[in-house]
Amino acid sequence: MKKALTQIIRFYQKTAPNRIRNSCRFEPTCSEYMIISIDKYGISKGVLNGIKRLQRCKPPNGGIDNP
């Protein structure tokens, strides 16, 4: 399941419009953050961390933020 979810996120990274992919305010990007978080914490907590990160992806937030 972890591998399938990672593949879905990678597919999104390749197919998302440039304006969405280039608008991320964080390093690593939100999608990469979710992949790292899933690998580190497992599916449930990793996806939850990724969703929380997406909710923070607006001004004035941004910068380097590792899971």
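Analyst: What follows describes the pocket and then a residue with contacts of its own.

This is a predicted model, in which local features need pLDDT of at least 70, side-chain atom pairs count only at pLDDT 80 or more, and totals for chains, interfaces and linings use all residues. Residues are numbered from 1 along each chain as its sequence is written, and side-chain values use heavy atoms, with hydrogens and water left out.

A pocket is, on a 1 Å grid over the protein atoms alone, an open set of points where a 1.4 Å probe fits, with protein on both sides within 12 Å along at least five of seven lines, and lining residues have an atom within 4 Å of a point. The largest pocket has a volume of about 280 Å³, a volume being the space filled by probe spheres set on the points, which are joined across faces, edges and corners. Its lining holds 14 residues, and Tyr12, Ile20, Cys30, Ser31 and Leu54 are the ones nearest the centre of the pocket. Two or more lining residues come from each of helix H1 (2-15), helix H2 (18-21), helix H3 (30-41) and helix H4 (43-56), where helices are DSSP runs (H or I, at least four residues) numbered from the N terminus.

Between Cys57 and Phe26 the C-alpha distance is 7.4 Å, although they are 31 residues apart in sequence.
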